[in-house]
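Let's take a walk through a protein model together. Have a look at the sequence and the fold first, and then we'll talk about what sits where.

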Amino acid sequence: MTQRTWRIGLTGGIGSGKSTVAGFLARRGAAIIDADAISRSLTAPGGRAMADIAHTFGAAMLSPDGAMDRQAMRERIFRDPKAKRQLEQIVHPLVSQITAEQAQAAVQNGHRVLVFDVPLLVESGERWRKQVDRVIVVDCDTETQKQRVLARSGLASEEVERIMVQQASRSQRLACADAVFVNQGLSFDDLDARVAQLAADFGL
């Protein structure tokens, strides 16, 4: 009998520990398809989205090396919601294309569990939800999120709060979850043990 391929959507707010969970799953043999990493590659110097970004937004949104100036774009989007839609119209189709290519390659290489690491899975509505069999949410309270991001990023407190407000709320993420990892007050070993329990359900 042919073994089925599981397609798992993994999401969580900034600072939730989603990337840590993805790492634990990768160690057990899952193929991780990181939508944020794909998006960053598209907006890096020479990235496939950069010509359209430069044409749409102008040189003010470019850093000296030709990448998208992420800080300038965050400020632009905060001031102008239309800019967010314009950027999404450029980047999202390319992310979808590369995601599909990476998923196909993973299956061809023998992976039977594909984990789509998508920070904005809930915010995307049905675009992502209909592509996966299960949605896993990594969760913690908002103050923990904020303190983790402040500790690692060097961003100002107001900037972190602005990013969090633009993401789905904690309750919205939990409402979409088929499984939840509460990543708060746990050691790495404790979190890894919980991930292992779920991974076994998918044959990892």
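## Strands side by side

Strand 4 and strand 5 (residues 179-182) run parallel and are joined by four bridges. In this pairing, Val137 stands opposite Val180 of strand 5. A quick word on terms: strands (E, at least two residues) and helices (H or I, at least four) are DSSP runs, numbered from the N terminus. Two strands count as paired if DSSP finds at least two bridges between them.

Before going on, keep in mind that this is a predicted model, where local features need pLDDT of at least 70, side-chain atom pairs count only at pLDDT 80 or more, and totals for chains, interfaces and linings use all residues. Residues are numbered from 1 along each chain as its sequence is written, and side-chain values use heavy atoms, with hydrogens and water left out.

| Strands | Bridges | Facing pair |
|---|---|---|
| Strand 1 (residues 6-12) and strand 4 | five | Gly9 and Val135 |
| Strand 1 and strand 3 | five | Trp6 and Val113 |
| Strand 2 (residues 31-34) and strand 3 | four | Ile32 and Val115 |
| Strand 4 and strand 5 | four | Val137 and Val180 |

## Tucked away

Is strand 4 enclosed or open? Because five of the six residues of strand 4 (residues 134-139) are buried, it is largely enclosed by the rest of the structure. Buried here means under 20% relative accessible area, exposed means over 50%, and partly exposed is in between (1.4 Å probe, protein chains only).

Strand 3 (residues 113-117) is mostly covered too, with five of its five residues buried. Val113, Val115 and Asp117 point one way from it, while Leu114 and Phe116 point the other way.

## The greasy middle

A nonpolar core is a set of buried Ala, Val, Leu, Ile, Met, Phe, Trp, Tyr and Cys residues joined through side-chain atoms within 4.5 Å. The largest one has 33 residues, and Leu42, Ile53, Phe57, Met73, Leu87 and Phe116 have the most contacts inside it. Elements giving two or more residues to this core include helix 3 (50-57), strand 3 and strand 4. Helix 5 gives the most, with nine residues.

Zoom in on Ile53: leaving out residues up to four places away in sequence, Ile53 touches Thr43, Gly58, Met68, Met73, Leu87 and Ile90. Contact means heavy atoms within 4.5 Å.
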